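Please view the sequence and the structure before reading on.

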Amino acid sequence: FNWTYVVATPKTFKTNVLVEDITGAWCGYCPRVAWGLKELQKTTSQLIVVAAHYGNSSVGRPDPFHYDKVGELKTAFGVAGYPWALLNRKAARWGETDAEITSIAANPSKAGVAIESSISDRDLTVTIKVGFAEDYTGLKYVIYILENGLIADQYNYADFGYGADNPLKDFVHNHTLRKALTSSPLGDAITDASSKNGNIFKMTHTYTI
């Protein structure tokens, strides 16, 4: 006998919440958002944090972790101050309450993402798979490379959780955006034909670290 196993696309998926924190080491109010997200991550595994640093020494805003395409994010989402955090790329600025995030995470999604990665020497290979439980149009996907444990002084205007020193010496910057493997941090297209109910979209990217 020949047996055929069919893997059905689930009807719903767990919802993770992406928080893109537009921040800067020169920004004295930015530790407030970093602390809030750090504390929330202790209570939920459904929070994904990306810290996109903006820096410009010529206008008194030095940041050693400046992301060279952060301007695309600022323009696309109308960033008008710092810190400025986005939830799942919605237009509205995060109001810095836990409930805004946990309420999104509590609702199931009709699309799910799986990520597989491997490193050989300095070559990184990342494969994403996106499954759909209903038809979608006009979708994009983004792959970020983040880095933890980066050390640099952080301006700090009050005790937002890390103490009241200004600057915070040798501050540990985590979730720091270093590279988008897609052509833009705004994403690459998923064709409408690929994003129909029951389909799985697959794409592989490589990068030499």
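The model is predicted, so local features need pLDDT of at least 70 and side-chain atom pairs count only at pLDDT 80 or more, while totals for chains, interfaces and linings use all residues. Residues are numbered from 1 along each chain as its sequence is written, and side-chain values use heavy atoms, leaving out hydrogens and water.

**Nonpolar cores**

- A nonpolar core is a set of buried Ala, Val, Leu, Ile, Met, Phe, Trp, Tyr and Cys residues joined through side-chain atoms within 4.5 Å; buried means under 20% relative accessible area, exposed over 50%, and partly exposed in between (1.4 Å probe, protein chains only).
- The largest core has 18 residues, and Ile22, Ala52, Val70, Leu73, Tyr82, Tyr144 and Leu177 touch the most other members.
- At least two residues of this core come from each of strand 2 (47-53), helix 2 (70-76), strand 3 (84-87) and strand 10 (176-180); helices (H or I, at least four residues) and strands (E, at least two) are DSSP runs, numbered from the N terminus.
- A second, separate core holds 12 residues, including Val19, Leu40, Val49 and Trp94.
- In soluble globular proteins, nonpolar side chains tend to be buried together.

**Helix 1**

- Cys30, Pro31, Val33, Leu37 and Leu40 are buried in helix 1 (residues 30-40).
- These buried residues pack against strand 1, strand 2, helix 3 (98-105), strand 8 and strand 9.

- Asp21 is in strand 1 (residues 17-23).
- Asp21 is buried but has no salt bridge, and the nearest side chain of opposite charge, Arg93, is 8.3 Å away (Lys and Arg count as positive, Asp and Glu as negative; His and the chain ends are not counted).
- Beyond its neighbours within four places in sequence, Asp21 is in contact (heavy atoms within 4.5 Å) with residues including Val33, Val50 and Trp84.

**Salt bridges**

- The structure holds six salt bridges, each a side-chain nitrogen of Lys or Arg within 4 Å of a carboxyl oxygen of Asp or Glu.
- One of them joins Arg89 and Glu20 (2.8 Å, N to O).
- Arg89 is in the loop between strand 3 and helix 3, Glu20 is in strand 1, and they are 69 residues apart.
- Arg89 is partly exposed at 23% relative accessibility, whereas Glu20 is buried at 1%.
- Lys129 and Glu116 form another, with their closest N and O atoms 3.6 Å apart.
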